[in-house]
Amino acid sequence: MRLTYTSDLWWKNAVIYCLDVETFKDGNDDGIGDFRGLTQQIDYLSGLGVTCLWLMPFFPTPNRDDGYDITDFYSIDPRLGTLGDFVEFVRTAQDRGLRVIADLVVNHTSDQHPWFRDSRSSKDSRYRDWYVWSDKAEPDDPKSVVFPDKETSVWELDKKTNQYYLHSFYRHQPDLNVGNPEVRDEIARILGFWMELGLSGFRVDAVPFLIENVHPKLADPHEFLADLRAFMSRRSGGSVLLGEVNLPYPDLVPYFGEGLGDQLTMCFDFIGMQKAWLSMARGEAAPLVEAFEKRPKAPKDCQWAVFLRNHDELTLDKLTEGERKEVFAAFGPEERMQIYGRGLRRRLPTMLGGDLRRIKMAYSLLFSMPGTPVMFYGEEIGMGENLDAEGRMAVRVPMQWSKEGGFSLSEPDREGPDGPYAPDRVNVADQKRDTDSLLRWFQLLIERYRECPELAWGVPTVLDSGNPAVFAHRCDADGASVLAVHNLCDTAQDVDLTLNGLESHILTDLLGDGTHTVSAKGKVRLPLGPHGCRWLRASTPEVPPDDASIKSQ
Ligand code: NOJ
Ligand code: CA
């Protein structure tokens, strides 16, 4: 594939790294991460090979939902720095070739936001209609309550004006009303503001809630998304919207902009993620194959964002009750590891019992999935969670830079894990010095991923390996092919594949050493260790594998 082309649509094979400024690195020794600290670590991130940073909310906030409750969309939480620090950070990231996107949390504000304070002050308030008010609490579908540990309804009575306001999440997060054109204009202004300061796009929080929970209902809620995207494209053609849309595939497709691809540039693949966990729990490829085959193709120039873990609970809400129990039993059997009856509040390495082979297999699988991989900070070194922290905060622990922690010279504001996942056992400095470390392996994985644009761009096909524990697929683009094979179980397996169109080709291992020749009939046998994984590039004997991607066109 031509780099000039793939680079123009940079998001289609980016490597996105999600971090919270507050937990990444403290630059002024007050125990709280900040932009100055983060800026000093840019070389670490560019050395890792990631191409785009996604910053969790960094705006002024009373911090009752870890910053997802905002009081000013045009400024920086003073604990994290100043706008000046932010601009310096973006400039330094750009200098090292990294793009930056940020959380856009405009479904709701904090109840402390000046707009809501004014809105609730009187029915005649200038901002009354910026939020969703009703004379009665509309009947709640129990499933519509997102945080059942804290809320029983999405309507809250506000005594002053004796009306109810809508809050899709916590009661201190009143929903903004995008049915009001002034609110829609303000949202565009927020996007425009941060784009002027160098952002390449946004991770859009809670998109279905944003466009559906409005008053009056929008005639076409999707038109609003298309308008936002058009606004961004006018200002900067390469800017993206990455949407949080946890819906079954058929309901999700309209969020890309059916047929046109003119709404969200990327959507997280929540279904594929949940099926991947079910596959890993069972040691069987079938659930993942099912998702792989059912997943609709993203419209032209759009892309799926694939992930295994994020900053929230590992939600398993789209599995059946029985399937969810299987994943709980395998990866979070204790009640304190579970949350909201639907998820797990653990990081990936602990769920996989710290087994390096299994951890590598999981990420190899993730990066080989058609789409743009999104990682959560600390995954590259195998960080664990702190179950003593409240709720979802368990996974939002300080980054572990050295044996002593290295996050701050003072006592960190948040506590990290102890025992086998404490900084003295899991940290960047040690892993940098160790060529066999997870960190070094991640660097290789990301390098190979970037060298294989076929994985993200190509036509994906599941291969019949005849072995229920093995997930094998190939991705073909512009006459070049990359194969990936993953063993989901803990015993060695031989995989027999038939590779149509690749008869007599050479397969070169990309994550380790080795070559295999495909027979004249297109057959090849690939051995895999317990939880083994392999990526292989196909080339003809005349073309060196490194040139296969471009020479085959
Ligand atoms: C989704 C975010 O990922 C989550 O962390 C937050 O609590 C809710 N949206 C509400 O903003
Ligand atoms: Ca600080």
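**Rings, charges and a ligand**

Let's start with the aromatic side chains of this predicted model. Counting rings of Phe, Tyr and Trp whose centres lie within 6.5 Å, the total comes to 41 aromatic pairs. One of them is formed by Phe256 and Trp304: their ring centres are 5.2 Å apart and their planes meet at 90°, so this pair is edge-to-face, given that planes over 60 degrees apart fall into that class. The two partners come from distant parts of the chain, 48 residues apart. Phe256 belongs to helix H10 (residues 249-256), while Trp304 belongs to strand S10 (residues 303-306). If you look for these two residues in the structure, you will find that both Phe256 and Trp304 are buried.

Elsewhere, ring pairs join up into a cluster, whose members are Phe35, Phe58, Phe59, Tyr74, Phe86, Phe89, Phe193 and Trp194.

Rings also meet charges here. Arg126 places its charged end over the ring of Tyr127, 4.9 Å from the ring centre. Likewise, the charged end of Arg347 sits over the ring of Tyr377, 4.9 Å from its centre.

Now let's turn to ligand 1. Around this ligand you will find Asp65, Tyr68, His108, Phe147, Phe169, Arg203, Asp205, Glu244, His311, Asp312, Arg392 and Arg396. Among these neighbours, His311 has a polar side-chain atom 2.8 Å from an oxygen atom of ligand 1. For Arg392, a polar side-chain atom lies 3.0 Å from an oxygen atom of the ligand, and for Arg203 the distance from such an atom to a ligand oxygen is 3.1 Å. Taken alone, ligand 1 exposes 300 Å², and the protein buries 97% of that area.

Conventions: Residues are numbered from 1 along each chain as its sequence is written. Chains are lettered from A and ligands numbered from 1 in the order in which they are written. This is a predicted model: local features need pLDDT of at least 70, side-chain atom pairs count only at pLDDT 80 or more; totals for chains, interfaces and linings use all residues. Side-chain values use heavy atoms; hydrogens and water are left out. Rings of Phe, Tyr and Trp (its six-membered ring) pair if their centres lie within 6.5 Å; planes under 30 degrees apart count as stacked, over 60 as edge-to-face and the rest as tilted. Helices (H or I, at least four residues) and strands (E, at least two) are DSSP runs, numbered from the N terminus. Buried means under 20% relative accessible area, exposed over 50%, partly exposed in between (1.4 Å probe, protein chains only). A charge sits over a ring if NZ of Lys or CZ of Arg is within 6 Å of the ring centre and within 35 degrees of the ring normal. A residue is near a molecule or strand if one of its heavy atoms lies within 4 Å of it. A polar contact is a pair of N or O atoms within 3.5 Å; within protein, one must be able to donate a hydrogen and the other to accept it, and residues adjacent in sequence count only if both atoms are side-chain atoms. Accessible areas come from the Shrake-Rupley method with a 1.4 Å probe; for residues, only the protein chains shown count as cover.
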